[in-house]
2 protein chains.
Amino acid sequence: MSERDPSAIYIGRKPVMNYVLAVVTQLNQGGFDSCTLKARGRSISTAVDVAEIVRQRFMKDIVELEKIEIGSEELDESDGRTRSVSTIEITLKKK
Amino acid sequence: MSERDPSAIYIGRKPVMNYVLAVVTQLNQGGFDSCTLKARGRSISTAVDVAEIVRQRFMKDIVELEKIEIGSEELDESDGRTRSVSTIEITLKKK
């Protein structure tokens, strides 16, 4: 998740519908055929919610799930230690 | 997630390591070559944590990620309405 991908949407702690709107806008107007949702830690379940709401409700019959990847990342803590955090990347693409 | 799958482990609110131990035990002693982690809602991120800890730490070089599926389920609320909840299924299998 360290490289900035222009077609990526980073999922954090905002309300789910903010991200749904960002995905729909990107796929409708952004000149992209696909969109990758990236999240880590507790935001992983929000990323799955966003993907499901987009593909089952707002862009049903328009987008499909291309791939899902999971991984781990090392985060530096303020005390100098590192902690491992899980990540997910969900790619939706236009049919 | 409604059908009970004997090789499935249902992820809930217990500590992550309880589920890690269940997966490792099932793959080592349970007579199964694969194990499917099933979770919904906020437990989705715990399911990803369990999969990552098993495949990157406890059973590295022994298991691999077979597939990841996401979906939605309708839950009946106590007030008679239904609510949609996201689900994930992560299958790990022995190499």
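In this predicted model, residues 24 or more positions apart account for 65% of the contacts in chain A that have a separation of 6 or more.

## Overall form of chain A

Chain A is built from 2 helices and 4 strands. Read from the N terminus, the order of these elements is β-α-β-α-β-β. Along the principal axes, the C-alpha atoms occupy a box of roughly 45 × 25 × 20 Å.

Of the 95 residues in chain A, 43% are buried. The chain exposes about 5,400 Å², and 44% of this area is supplied by carbon and sulfur atoms.

## Two copies and their axis

Chain A can be superposed on chain B by a rotation of 180 degrees with 0.0 Å of shift along the axis, and the RMSD is then 0.0 Å. The two copies are therefore related as by a two-fold rotation axis. Which residue of chain A comes closest to the rotation axis? It is Ser45(A), whose C-alpha lies at 2.8 Å from the axis.

## Two buried residues

Thr91(A) belongs to strand E4 of chain A, which covers residues 82-94. With a relative accessible area of 6%, Thr91(A) is buried, since a residue under 20% is classed in this way. Its side chain makes a polar contact of 3.1 Å with the side chain of Thr36(A). Beyond residues up to four places away in sequence, Thr91(A) touches Ser34(A), Cys35(A) and Thr36(A), as well as the run Glu64(A), Leu65(A), Glu66(A) and Lys67(A).

Gln26(A) is placed in helix H1, residues 16-29 of chain A. Is this residue, Gln26(A), buried or exposed? At 12% relative accessibility, Gln26(A) counts as buried. A polar atom of the Gln26(A) side chain lies 2.8 Å from the backbone oxygen of Ser7(A). When neighbours within four places in sequence are left aside, the contacts of Gln26(A) include Pro6(A), Ser7(A) and Ile9(A) on one side of the sequence. Gly31(A), Phe32(A), Ser34(A) and Cys35(A) are also in contact with Gln26(A).

## The loop between H2 and E3

In chain A, a loop connects helix H2 (44-58) and strand E3 (63-76), and Asp61(A) is found in it. Asp61(A) has a positive phi of about 70 degrees, although it is not a glycine. The residue counts as exposed, at 62% relative accessibility.

The corresponding loop of chain B, between helix H2 (44-58) and strand E3 (63-76), holds Asp61(B). Asp61(B) likewise has a positive phi of about 70 degrees without being a glycine. Its relative accessibility of 63% places Asp61(B) among the exposed residues.

Ile62(A) also lies in the loop between H2 and E3 of chain A. With a relative accessible area of 40%, Ile62(A) is partly exposed. Which residues does Ile62(A) contact, leaving aside its neighbours within four places in sequence? They are Lys93(A), Lys94(A) and Lys95(A). Ile62(A) and Lys95(A) are 33 residues apart in sequence, yet their C-alpha atoms are 5.7 Å apart in space.

## The loop between E3 and E4

Ser78(A) sits in the loop between E3 and E4 of chain A. At 84% relative accessibility, Ser78(A) counts as exposed. Ser78(A) and Ile53(A) are 25 residues apart along the chain, and their C-alpha atoms are separated by 36 Å.

## Accessibility of the residues described

The table collects the relative accessible areas given above.

| Residue | Relative accessible area | Class |
|---|---|---|
| Thr91(A) | 6% | buried |
| Gln26(A) | 12% | buried |
| Ile62(A) | 40% | partly exposed |
| Asp61(A) | 62% | exposed |
| Asp61(B) | 63% | exposed |
| Ser78(A) | 84% | exposed |

Note on methods: Residues numbered from 1 in each chain as written. Chains lettered and ligands numbered in written order. Predicted model: local features only at pLDDT ≥ 70, side-chain atom pairs only at ≥ 80, totals over all residues. Heavy atoms only, no water. Least-squares fit on C-alpha atoms with pLDDT ≥ 70 in both. Buried < 20%, exposed > 50% of the residue type's maximum accessible area, 1.4 Å probe, protein only. Contact = heavy atoms within 4.5 Å. Areas by Shrake-Rupley, 256 points an atom, 1.4 Å probe, with all protein chains shown as cover. Polar contact = N/O pair within 3.5 Å; in protein donor to acceptor, adjacent residues only side chain to side chain.
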